[in-house]
Structure formats: C-alpha cells, structure tokens
Amino acid sequence: MTAGGPFLRVLAVDDEPPALDELAYHLRADPRVARLHTASDATEALRLLRDGDVDVVFLDIRMPGLDGMELARVLRRFARPPAIVFVTAYDDGAADAFDLGATDYVRKPVRAERLAESLRRVLGSRVVPGHPGAAAHAEPDPAIPVELAGSTRMLPRSAVRWVEAQGDYARLHTADGSHLVRVSLATLAEQWGDAGFVRIHRSYLVQLRLITELRLVNAGYVVFVDETELPVSRRHTRELKDRLVRVAKQDWNR
C-alpha cells in the first residue's frame, strides 16, 4: 500500500437511513478509509463483525433493540476490540462513553471536518494494519468528553496537567484552560494512575512529570505545576517524594 493510501476498515451503525447515508458519504470521501460497511442495527453489525475485523465502529446510541451503549459493551469483550466513535444527536451519553473507553463522541449533524478529526484520533490511538507510519507498539492516549463551545469534544488525556475535585465532578486543567466533567476524582485517580497521574491531596490529582518543584511552606508541602501552587496533604507526602525520586533516577539512567 502506498504512503498516504487508505488503511482503515470502518463500520457505521445507525437505524435511521438518512443519518446512516450521510455518515457513510463523509466516511467514504476520506482517503484514510479503505473499506466501509454499514449496518442498520446491532444485530446486523455483529453479523458483519463476525465475518471480518474492523478497526473502528462509528456508532449511534439510541437504536431499537440493543442500543449503541450496549453494543459497545459487547465489543469491548472482543479479543481485538475495535475503536468506538459514538455519533449521536444527544450529549447525555458522554460520561458513559468515557467509561467505555470511546475514542471520540461526535454530535449530529455530522460534518466532514469533525469526522476527519475522529479518524485522526483513531489512528493516533491504535496500530492499524497497513498504516505506513504505524509503530510496532502504539502508546494509547485515551480521551475524556468535555463541553466546548456548545459541542462535546474528546479531550486527550495527555493534554491534562492537573485535576481538581469539585464535589462529584472534576475540573481538568490544561495549558490553555479548564473543563468541568461529570467524573469523580477518585475514578480518574484509579484509571489514570498507570499514566503517571498521582494523588497529592483529596482534592488534587497531578501529572507527576509536570511537577517542577516540591516546597516546604510553613507546616506543609506544596507542588508547582505551570507556576500554579497546589497543596500536598500529609498522608500523600511520603509517597509523592518517593515517586519523584524514582522518576528522577529513571531520567538519570536514560
């Protein structure tokens, strides 16, 4: 396959024919899509998946019978699960999409440039057979749905620098702003621990490698991330120090 040629195998699922036709039209027009299948419900989608692998499923949520969320849970149990991009007219499923590890969450009516962004996210999070630039092992960069300018977008985890608890919600702080999401800090601490995020306080979760300074102030410690001072609770101080030392040793040994 030549460089820049198509290499994604795609399945589009929607029970409304006009919506499915529009989605299929935009996907076929994208040069990164090598093969496209369409299905009008979950049963037909599972039959197509039984007959051949796909790299990504563009999936409506509200469908009769097995809905999109239920189908996504089935797909997660596959030995080689495809990426999931939800395409929906509603934004009330964004939190569930995050829990299911969706690559993106696109609002209807779909636009070609928005689908192009979704395909880019899929390629960035997976090793796709036939992709001329695919590495032997891809580092996943899962995303979390956030509200931005009246639409739902998937914010890459790598863009998050620190997280602040706000009741049952969490505020994700990036280099250029912040986003309030309906996910608890405890959930993010559990899911993002392996990616280098560390709990420094009951109200704060920080990307460890972005800490520029640990300072003793009065009777307690604070850390600095992007010149922002964040408190470190006593119960987390020892673990934080140990992890900072381990990271420093790893960097020295490279």
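**Aromatic pairs and a helix contact**

Trp162 and Tyr204 are both buried, where buried means under 20% relative accessible area with a 1.4 Å probe and protein chains only. The model is a predicted one, in which local features need pLDDT of at least 70 and side-chain atom pairs count only at pLDDT 80 or more, while totals for chains, interfaces and linings use all residues. Residues are numbered from 1 along each chain as its sequence is written, and side-chain values use heavy atoms, with hydrogens and water left out.

Rings of Phe, Tyr and Trp (its six-membered ring) pair if their centres lie within 6.5 Å, and planes under 30 degrees apart count as stacked, over 60 as edge-to-face and the rest as tilted; by this rule there are 3 aromatic pairs. In one of them, the rings of Phe86 and Tyr105 have centres 6.5 Å apart and planes at 55°, so this pair is tilted. Because Phe86 lies in strand S4 (residues 83-88) and Tyr105 in strand S5 (residues 104-107), the pair ties together parts that are 19 residues apart in sequence, strands being DSSP runs of E with at least two residues and helices runs of H or I with at least four, numbered from the N terminus. Phe86 is buried, with a relative accessible area of 0%, and Tyr105 is buried with a relative accessible area of 0%. Trp162 and Tyr204 form a tilted pair, 6.1 Å centre to centre with 45° between the planes.

Turning to the helices, Leu23, His26 and Leu27 in H1 meet Ala112, Leu115 and Leu119 in H5, contact meaning heavy atoms within 4.5 Å. Arg121 is also found in helix H5, and at 13% relative accessibility Arg121 counts as buried.

Conventions:
Buried < 20%, exposed > 50% of the residue type's maximum accessible area, 1.4 Å probe, protein only.
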